[in-house]
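Hi there,

Here is the structure I promised to pass on to you. Please have a look at it first, and then read my notes below.

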Amino acid sequence: MKAQVNEIKEGLQHFHGTEMFYQIPLLRTRFTDGLKYLANVADCFWLITDTSVIAKSLMNRSEFITIDFKRLSEEKQDFTGYEAEIIYTDGNDNILEKHGYRATDFPLDELRLFFVNNTLMLPSEY
């Protein structure tokens, strides 16, 4: 598993800007090359869907949204009952929303995404 994590992190470093935009059917949220890569290698299309549904619902509160996926420490997992959480902020550390996930197979311990102009992207693609 660890090799896969390093491979994914390594792969994510190659994305700067995007050549193509992809679209989530129904939601019409756009996402970038970097996220398409991530969805494929980490099998996490759920992450793109979940985060864009929530980020879209926050657009009236901030036009720029940061999304932070974080796996919780075991101590925190025992305490909260969640394995991971995703925190949505306005880019100035004001938390707009927070979601706990009881279980996740997402390989990375943390990941930051940006949501701007109805588009989900890696920070390096902004």
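The notes below are about salt bridges.

Please keep in mind that this is a predicted model. A search of the whole structure turned up four salt bridges, and I will walk you through some of them.

Next, have a look at R71. Its side chain forms a salt bridge with that of E83, again given as N to O, at 2.9 Å. R71 belongs to strand 3, whereas E83 is in the loop between helix 4 (74-80) and strand 4 (84-89), so the two tie together parts that are 12 residues apart in sequence.

R71 also has a salt bridge with D109, where the closest N and O atoms are 2.8 Å apart. D109 lies in the loop between strand 5 (95-101) and strand 6, and R71 in strand 3, so here the parts tied together are 38 residues apart in sequence. D109 is partly exposed, with a relative accessible area of 44%.

Taken together, R71, E83 and D109 are linked in a network of salt bridges.

Notes
Residues numbered from 1 in each chain as written. Predicted model: local features only at pLDDT ≥ 70, side-chain atom pairs only at ≥ 80, totals over all residues. Heavy atoms only, no water. Helix = DSSP H or I, 4+ residues; strand = E, 2+ residues; numbered from the N terminus. Buried < 20%, exposed > 50% of the residue type's maximum accessible area, 1.4 Å probe, protein only.
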